[in-house]
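Please look at the fold as a whole before turning to the details.

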Amino acid sequence: MAASPIRVVVVEDQKTTREGLTSLIAGTPGFVVAGGFDAVEGLITLLERPPRGAVDPDVVLLDIQLAGMTGLEGVRRLRALRPGLLILMLTVYDDNDRIFEAICGGACGYLLKDTPPERLIGALREAQGGGAPMSPEVARKVVTMFQRAAPPRQAEHRLSPREMDV
């Protein structure tokens, strides 16, 4: 029995980019484009009041810099509306603050727009399969952020059993 196709929504304000992504996804076996929007508000409206026959998305490709609500605010709103919805950021921004905010807001992954098409398709599959796809340079930044934020692990920093009781 064949697996159900992965239903993807693209939220991208640049029409040519949105159309290119839509064509790539629609032309790939195992995928269905469930919608394309130039703003997060359009997707939120669809999810709040789906018309009869609307296709419920599995994964959302979400840009950050959008007219109206940003993708960073959008990821929080979408996750509040649909907690199980997988949101994969697709953006030109690779700064620590945006990466951190997107992931803390509920994004399951973070890709840069220069991601090759075959890697993008693989990332959609990875997200649907429970992974957390990231562009290599973003993954390095995430690892570095965790290394800097990690509490010390040396023996002198561990609490004694008595200290744990207190």
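Which strands does helix H5 lie across? In this predicted model, helix H5 (residues 117-128) lies across S1, S2, strand S3 (59-62), strand S4 (86-91) and S5. Local features need pLDDT of at least 70 and side-chain atom pairs count only at pLDDT 80 or more, while totals for chains, interfaces and linings use all residues. Residues are numbered from 1 along each chain as its sequence is written, and side-chain values use heavy atoms, with hydrogens and water left out.

**The sheet**
- Five strands, in the order S2-S1-S3-S4-S5, form an open sheet with parallel pairing (strands are DSSP runs of E, at least two residues, and helices of H or I, at least four, numbered from the N terminus; pairing requires at least two DSSP bridges).
- Strand S2 (31-37) and strand S5 (109-112) are at the edges with a single partner strand each, so one side of each has no neighbour in the sheet.
- From one strand to the next, the twist averages 25°.
- Strand S1 (residues 6-11) pairs with S2 in the parallel sense over 6 bridges.
- Valine 8 is placed opposite valine 33 in S2.

**The helices**
- Helix H5 runs at about 155° to S4 (axes are lines fitted to C-alpha atoms, for helices over the stretch in contact, and angles run from 0 to 180 degrees between N-to-C directions).
- The axes of helix H1 (residues 15-26) and H5 come within 11 Å and cross at roughly 70°.
- Leu21, Leu24 and Ile25 of H1 make the contact with Pro117, Leu120, Ile121 and Leu124 of H5 (contact means heavy atoms within 4.5 Å).
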